[in-house]
Amino acid sequence: MKIVKEAIAGTLESSDLLVKVAPSSARTLDVTIRSEVIKQFGKQIRRVVTETLNKLEVSEGTVVIEDKGALDYAVQARVQAAVLRGANSEELNWEQLS
Amino acid sequence: MKARRSMLFVPGDNPAMLSTAFVYKPDSVMFDLEDAVSPREKDSARLLVFHALSLAAYKDIERVVRINRLDSEYGLKDLAVAVKGRAHVVRLPKTDSAEDIRELEAHITRLEKEYGRPTGETKLIAAIESASGVVNALTIATASPRMIAIALAGFDYLVDMQTRRSSGSEPELFYARAAVLHSARAARIDAFDVAYGDVNDDEGFLREVQIAKQLGFNGKSLVHPRQVELLHRAYAPTQTELERAKRVIAAAEAAHRNGLGVVSLDGKMIDPPVIHEAELVLSRGQVA
């Protein structure tokens, strides 16, 4: 899936996260994660984000995540929502989302 | 028999509530994709609800998804998420006629096949929110074998009736409550009373719970987690009621053993309706 425009999903409310995606001119994939619980859960959040982006076949773009203590399922859902918005895609491909 | 006293609304775009609603132990949790979610957040909420449906914490709770109406641009997308996510029940808002249910059922049957779910596994609840819906409640309740309950939704209904909520005996809801409840009972399905919106008014909430319970509703739709325990406590039988019910059942069993058709207890006749009522009290006692 190709990110063709800037897009945002999520909020900065507790238990949620804000995901910003944008196309990358460098044709690389850069993921930045900020979290209040980065010391305890940083690795886990990165793992979920990476797996979610891989399933969506996102290979380039910038992804910035501001986590407010979200559970894995919310991370997955918000990353998917931001990518789908950024890719102008409304179709849900269950293989990529499950 | 599945207890359906409390159906707790959880906004589909709110991870804090989606992640914690199970803590309050409602009989059913209803992930809402309709009114609680703004149009521009429908896509994101759908994904949250899809993943929340598979959380282990909800394993033992009936999972309901309230979709948008099928004639909106969101309805079918919501429905796909609910069926693919293995929701137990789909709740259709603003159900005005049996045709609404038949149309929904056709889509669900198609989606169940597509997603490898057994046909008929996804159940239905119709929310009645208009004068037409109330008048058609019986045909709605019997429109599909998937129907497990009908729920009266007060706000839109009262707007349609050109009136508004009062406190106290609520005469404005009298006919709709009676009609919805009779339809549910005639169809042998469950009935939910209206939600009570003032979450800080426990007294008003409990007054309304008593009306619903006395009329015979299985329970209520709830808009705040703190209402769950209040409702469960109000629906729980008292110790005296439980003891009386046990004695009724014991007397009926003794009569059956002795080949007697009718028996009396404390000078009152114990017949099938009394026995049925005692069984209901005991089943409520078990879930309380």
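**View 1. Strand S2 of chain B and its neighbours in a predicted model.** B:Leu8 lies opposite B:Val29 of S2(B) in this predicted model. Strand S1 (residues 6–11) of chain B and S2(B) run parallel and are joined by 5 bridges; two strands count as paired if DSSP finds at least two bridges between them. Helices (H or I, at least four residues) and strands (E, at least two) are DSSP runs, numbered from the N terminus. On S2(B), B:Asp32 stands opposite B:Arg66 in S3(B), and S2(B) pairs with strand S3 (residues 62–66) of chain B in the parallel sense over 5 bridges.

Residues are numbered from 1 along each chain as its sequence is written, while chains are lettered from A and ligands numbered from 1 in the order in which they are written. In this predicted model, local features need pLDDT of at least 70, side-chain atom pairs count only at pLDDT 80 or more, and totals for chains, interfaces and linings use all residues.

**View 2. Burial of S2(B).** 5 of the 5 residues of strand S2 (residues 28–32) of chain B are buried, so the strand is largely enclosed by the rest of the structure. Buried means that 20 or more other C-beta atoms, placed from the backbone, lie within 10 Å of the residue's own. B:Ser28, B:Met30 and B:Asp32 point one way, and B:Val29 and B:Phe31 the other way. In a regular strand, side chains alternate between the two faces of the sheet.

**View 3. Sheet of chain A.** 4 strands form an open, mixed sheet in the order S1-S2-S4-S3 (chain A). Strand S1 (7–10) and strand S3 (29–35) of chain A are its edge strands, each pairing on one side only.

Definitions and conventions. A residue is buried if 20 or more other C-beta atoms lie within 10 Å of its own, exposed if 12 or fewer, and partly exposed in between; C-beta atoms are placed from the backbone.
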